[in-house]
Amino acid sequence: MRTQRQVVDYSLRKRAALRELLAGRVGTYDLCDASPYLKNAARFHGEATDERCPICRSENLTLVHYIYGDELKQSAGQARNVAELTMLAMTLREFQVFVVEVCLGCDWNHLVEQYLLGRDGLTGVADGDPEHGEASGMTADGTAVRRRREAQR
(Lines give C-alpha, C1' and ligand atoms only; values in the text may rest on other atoms or scores of the structure.)
Protein backbone atom coordinates (compact mmCIF):
# COMPACT_ATOMS: atom_id res chain seq x y z
CA MET A 1 0.00 0.00 0.00
CA ARG A 2 1.23 3.48 -0.83
CA THR A 3 0.78 5.00 2.59
CA GLN A 4 2.33 2.17 4.62
CA ARG A 5 5.04 3.47 6.93
CA GLN A 6 6.80 2.81 10.26
CA VAL A 7 6.76 -0.95 9.72
CA VAL A 8 7.80 -3.15 12.64
CA ASP A 9 8.60 -6.77 11.70
CA TYR A 10 8.35 -9.42 14.41
CA SER A 11 9.99 -12.29 12.50
CA LEU A 12 12.93 -12.45 14.93
CA ARG A 13 10.53 -12.95 17.83
CA LYS A 14 8.80 -15.71 15.89
CA ARG A 15 12.11 -17.45 15.24
CA ALA A 16 13.03 -17.14 18.92
CA ALA A 17 9.70 -18.62 20.02
CA LEU A 18 10.08 -21.55 17.63
CA ARG A 19 13.68 -22.08 18.80
CA GLU A 20 12.44 -22.20 22.42
CA LEU A 21 9.86 -24.81 21.41
CA LEU A 22 12.44 -26.98 19.63
CA ALA A 23 14.77 -26.74 22.63
CA GLY A 24 11.98 -27.97 24.91
CA ARG A 25 11.91 -24.84 27.09
CA VAL A 26 8.36 -24.00 25.97
CA GLY A 27 5.45 -26.35 25.29
CA THR A 28 3.10 -26.25 22.33
CA TYR A 29 0.23 -25.30 24.63
CA ASP A 30 2.09 -22.09 25.47
CA LEU A 31 2.39 -21.11 21.81
CA CYS A 32 -0.85 -22.53 20.44
CA ASP A 33 -3.41 -20.55 22.40
CA ALA A 34 -5.50 -18.63 19.87
CA SER A 35 -8.69 -17.25 21.39
CA PRO A 36 -12.08 -18.08 19.85
CA TYR A 37 -12.41 -14.41 18.80
CA LEU A 38 -9.10 -14.55 16.92
CA LYS A 39 -10.07 -17.79 15.20
CA ASN A 40 -13.44 -16.34 14.14
CA ALA A 41 -11.71 -13.22 12.82
CA ALA A 42 -9.37 -15.47 10.83
CA ARG A 43 -12.30 -17.39 9.35
CA PHE A 44 -14.39 -14.39 8.33
CA HIS A 45 -11.88 -11.55 7.78
CA GLY A 46 -8.58 -13.36 7.32
CA GLU A 47 -6.36 -13.53 4.27
CA ALA A 48 -5.30 -17.06 3.37
CA THR A 49 -1.59 -17.65 2.67
CA ASP A 50 0.44 -20.43 1.08
CA GLU A 51 2.69 -20.67 4.15
CA ARG A 52 2.34 -23.80 6.27
CA CYS A 53 1.95 -23.65 10.04
CA PRO A 54 5.36 -24.02 11.73
CA ILE A 55 3.87 -26.17 14.50
CA CYS A 56 1.44 -28.68 12.95
CA ARG A 57 2.59 -28.32 9.30
CA SER A 58 -0.82 -29.53 8.12
CA GLU A 59 -2.74 -26.24 7.75
CA ASN A 60 -1.94 -23.03 5.90
CA LEU A 61 -1.64 -19.85 7.95
CA THR A 62 -4.22 -17.08 7.80
CA LEU A 63 -3.35 -13.40 8.28
CA VAL A 64 -5.70 -11.22 10.32
CA HIS A 65 -5.40 -7.41 10.17
CA TYR A 66 -6.55 -5.50 13.26
CA ILE A 67 -6.93 -1.71 13.12
CA TYR A 68 -6.54 0.89 15.86
CA GLY A 69 -6.69 4.67 15.79
CA ASP A 70 -8.35 7.75 17.23
CA GLU A 71 -10.42 8.45 14.12
CA LEU A 72 -11.88 4.92 14.12
CA LYS A 73 -13.84 5.50 17.34
CA GLN A 74 -15.96 2.35 17.99
CA SER A 75 -14.43 0.55 15.00
CA ALA A 76 -11.03 0.41 16.70
CA GLY A 77 -9.90 -3.12 17.45
CA GLN A 78 -11.86 -4.71 14.62
CA ALA A 79 -10.45 -7.13 12.07
CA ARG A 80 -10.54 -5.93 8.46
CA ASN A 81 -9.59 -7.46 5.14
CA VAL A 82 -6.97 -5.94 2.85
CA ALA A 83 -9.51 -4.32 0.50
CA GLU A 84 -11.06 -2.45 3.42
CA LEU A 85 -7.62 -1.33 4.62
CA THR A 86 -6.90 0.26 1.25
CA MET A 87 -10.18 2.16 1.34
CA LEU A 88 -9.65 3.28 4.95
CA ALA A 89 -6.10 4.43 4.14
CA MET A 90 -7.48 6.94 1.64
CA THR A 91 -10.23 8.25 3.93
CA LEU A 92 -8.57 8.43 7.37
CA ARG A 93 -5.55 10.51 8.34
CA GLU A 94 -3.73 7.81 10.31
CA PHE A 95 -4.39 4.45 11.93
CA GLN A 96 -2.32 1.52 13.08
CA VAL A 97 -2.55 -2.01 11.67
CA PHE A 98 -1.48 -5.14 13.54
CA VAL A 99 -1.08 -8.31 11.45
CA VAL A 100 -1.46 -11.65 13.26
CA GLU A 101 -0.89 -15.07 11.69
CA VAL A 102 -3.22 -17.82 12.83
CA CYS A 103 -3.40 -21.56 12.26
CA LEU A 104 -6.98 -22.77 12.46
CA GLY A 105 -5.80 -26.35 12.98
CA CYS A 106 -3.53 -26.14 16.04
CA ASP A 107 -4.34 -22.59 17.26
CA TRP A 108 -0.83 -21.22 16.63
CA ASN A 109 -0.88 -17.42 16.54
CA HIS A 110 1.84 -14.81 16.39
CA LEU A 111 2.08 -11.08 15.76
CA VAL A 112 3.78 -10.76 12.37
CA GLU A 113 4.06 -7.00 11.89
CA GLN A 114 2.56 -3.62 12.66
CA TYR A 115 2.50 -0.45 10.59
CA LEU A 116 0.76 2.87 10.08
CA LEU A 117 -1.62 3.64 7.23
CA GLY A 118 -3.51 6.76 6.24
CA ARG A 119 -3.48 9.95 4.23
CA ASP A 120 -0.70 11.46 6.36
CA GLY A 121 1.69 9.12 4.55
CA LEU A 122 1.09 10.81 1.20
CA THR A 123 3.70 13.37 0.20
CA GLY A 124 2.84 17.00 -0.40
CA VAL A 125 -0.23 18.94 0.61
CA ALA A 126 -3.31 16.75 0.81
CA ASP A 127 -6.72 18.21 0.00
CA GLY A 128 -5.37 21.78 0.16
CA ASP A 129 -4.62 21.48 3.90
CA PRO A 130 -1.62 23.72 4.61
CA GLU A 131 -1.14 22.28 8.11
CA HIS A 132 -0.69 18.80 6.63
CA GLY A 133 1.99 20.10 4.27
CA GLU A 134 3.94 21.79 7.06
CA ALA A 135 3.77 18.68 9.21
CA SER A 136 5.36 16.63 6.47
CA GLY A 137 7.98 19.30 5.79
CA MET A 138 6.60 20.45 2.45
CA THR A 139 4.77 23.50 1.20
CA ALA A 140 3.06 23.90 -2.13
CA ASP A 141 6.35 25.00 -3.76
CA GLY A 142 8.57 22.60 -1.71
CA THR A 143 10.75 25.30 -0.08
CA ALA A 144 10.08 24.62 3.61
CA VAL A 145 12.57 21.76 3.88
CA ARG A 146 15.31 23.75 2.15
CA ARG A 147 14.74 26.79 4.41
CA ARG A 148 14.77 24.63 7.53
CA ARG A 149 18.09 23.01 6.51
CA GLU A 150 19.65 26.41 5.77
CA ALA A 151 18.49 27.73 9.17
CA GLN A 152 20.13 24.78 10.95
CA ARG A 153 23.54 25.60 9.41
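In what sense do strand β5 (residues 95-102) and β6 pair, and over how many bridges?

1. Pairing of β5 and β6. The two strands pair in the antiparallel sense over 8 bridges; strands count as paired if DSSP finds at least two bridges between them. One of the bridges sets Val-97 against Tyr-115 in β6. β5 and β6 form a hairpin with 6 residues between them, and Asp-107 in the turn has a positive phi of about 75°.

2. Basis of the note. This is a predicted model, in which local features need pLDDT of at least 70 and side-chain atom pairs count only at pLDDT 80 or more, while totals for chains, interfaces and linings use all residues. Residues are numbered from 1 along each chain as its sequence is written, and side-chain values use heavy atoms, with hydrogens and water left out.

3. Elements. The protein has 6 helices and 6 strands, in the order β-α-α-α-β-β-β-α-β-β-α-α from the N terminus on. Helices (H or I, at least four residues) and strands (E, at least two) are DSSP runs, numbered from the N terminus.

4. The other pairing of β6 noted here. Strand β1 (residues 5-9) also pairs with β6 in the antiparallel sense, over 3 bridges. Within this pairing, Asp-9 stands opposite Glu-113 in β6.

5. His-110. This residue is found in strand β6 (residues 109-117). His-110 has a relative accessible area of 14% and is therefore buried; buried means under 20% relative accessible area, exposed over 50%, and partly exposed in between (1.4 Å probe, protein chains only). Leaving aside residues up to four places away in sequence, His-110 touches Tyr-10, Arg-13, Lys-14, Val-99, Val-100 and Glu-101. Contact means heavy atoms within 4.5 Å.

6. Aromatic pair. Rings of Phe, Tyr and Trp (its six-membered ring) pair if their centres lie within 6.5 Å; planes under 30 degrees apart count as stacked, over 60 as edge-to-face and the rest as tilted. By this rule the count is 1 aromatic pair. The ring centres of Tyr-68 and Phe-98 are 5.6 Å apart and their planes lie at 80°, so the pair is edge-to-face. The pair links distant parts of the chain, with Tyr-68 in strand β3 (residues 60-68) and Phe-98 in strand β5, 30 residues apart. Tyr-68 counts as partly exposed, at 37% relative accessibility.

7. Whole-chain values. Of the 153 residues, 36% count as buried. Among contacts with a separation of 6 or more, 56% come from residues 24 or more positions apart. The accessible surface is about 9,800 Å², of which 48% belongs to carbon and sulfur atoms; areas come from the Shrake-Rupley method with a 1.4 Å probe, and for residues only the protein chains shown count as cover.
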